[in-house]
Amino acid sequence: MVLTTALADKRMDLASSQARAALEAAVIGREPISLEDVISEAALQTRVDKKFLLTPEEFTALSERLGDQFKIMQIDGRRTFRYESVYFDTEDYDQYRAHRQGRRRRYKVRSRTYADTGLSMFEIKTKGLRGATVKHRVEQDLDTAGELTKENREFLESVLRSEYGQEAPKLQPVLDSAYRRATFVNPIDGERLTCDVELEYAHREAKVDGPDLIVVETKSADGRGVSDQALAELGIREVSMSKYCIGIALLNPQLPANRWSRLLQQSFVPDPALR
């Protein structure tokens with residue numbers, strides 16, 4: 001499934017000219033909200049997440065339907081930002097397998113760097129009551145981003161003991177991921193809408209780029225936010241998708257991926273020549 005460099009570059013050109021253009025157009029006229037206000041008013045470290053895949057045309061319709069109550073996160077005049085992540089898993093991809101099987105006590109471990117601002121965080125995402133996502137994070141030194149440092153390891157062990165009563169397994173970096181994101185924020189109820197384009201995956205020499213679509217993720221207290229309702233009114237259905245699991249499946253075709261097989265074939269590897 002890994003794309004050649006030429007084919008990947010061709011698909012990235014398409015994504016940049018359509019999906020990113022739709023994203024940039026949608027954020028221009030909205031009122032900005034600062035990162036500090038997002039953190040104080042709409043942090044939502046415990047939340048219900050839903051994911052959707054939208055065409056550029058669908059995304060434009062969604063943006064129009066959201067109305068003026070959603071603001072755009074802005075930092076130093078920027079409204080779209082490049083995110084770079086390194087994911088950690090065991091040698092046998094235990095956490096990938098846990099997500100594929102839908103285990104309740106699953107988690108993701110990653111290092112995330114906000115490339116445009118230089119901020120870097122070490123994060124663990126666990127599942128709380130009723131399937132809500134709980135994010136645990138600490139700031140880390142940019143120079144050690146992507147490494148499982150002693151401090152990060154201790155934080156991971158503390159979180160897993162507290163959340164699941166488990167010891168932390170031996171982890172290693174298994175996936176590099178990058179994309180460009182804009183964040184819509186509804187400060188009235190803390191709801192957020194993250195919108196990602198130009199998705200890239202890599203590990204060692206292998207690389208694959210995402211499709212000409214916008215990955216939209218709604219983050220609300222109960223999964224019934226304004227954006228969830230707007231998407232339903234447009235007839236856009238939620239997809240079972242993890243950017244981490246999709247990347248692992250694309251770069252490791254020997255691993256079972258039956259939970260995402262249809263999504264992979266329909267949206268991520270649509271052209272037989274690219275499979």
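The model is a predicted one.

Running along it, the buried residues are Lys243, Tyr244, Cys245, Ile246, Gly247, Ile248, Ala249, Leu250 and Leu251. Cysteine 245 counts as buried because its relative accessibility is 0%, and the cut-off for buried is under 20%. Cysteine 195 is buried too, again with a relative accessible area of 0%. As for disulfides, a search of the whole structure turns up zero.

In soluble globular proteins, nonpolar side chains tend to be buried together. Here, the largest nonpolar core holds 36 residues, and the ones that touch the most other members are Tyr96, Tyr244, Ile246 and Phe268. Two or more residues of this core come from each of strand E4 (81–89), strand E8 (172–186), strand E9 (191–203), H7 and helix H8 (261–268). The top contributor is H7, which gives seven residues to the core.

Isoleucine 246 is worth a look on its own. Leaving out residues up to four places away in sequence, Ile246 touches Tyr201, Met241, Trp260, Leu263, Leu264 and Phe268. There is also a second, separate core, made of 22 residues, with Ala26, Phe59, Ile72 and Leu193 among them.

Notes
Residues numbered from 1 in each chain as written. Predicted model: local features only at pLDDT ≥ 70, side-chain atom pairs only at ≥ 80, totals over all residues. Heavy atoms only, no water. Disulfide = S-S within 2.5 Å. Buried < 20%, exposed > 50% of the residue type's maximum accessible area, 1.4 Å probe, protein only. Helix = DSSP H or I, 4+ residues; strand = E, 2+ residues; numbered from the N terminus. Core = buried A, V, L, I, M, F, W, Y, C linked by side-chain atoms within 4.5 Å. Contact = heavy atoms within 4.5 Å.
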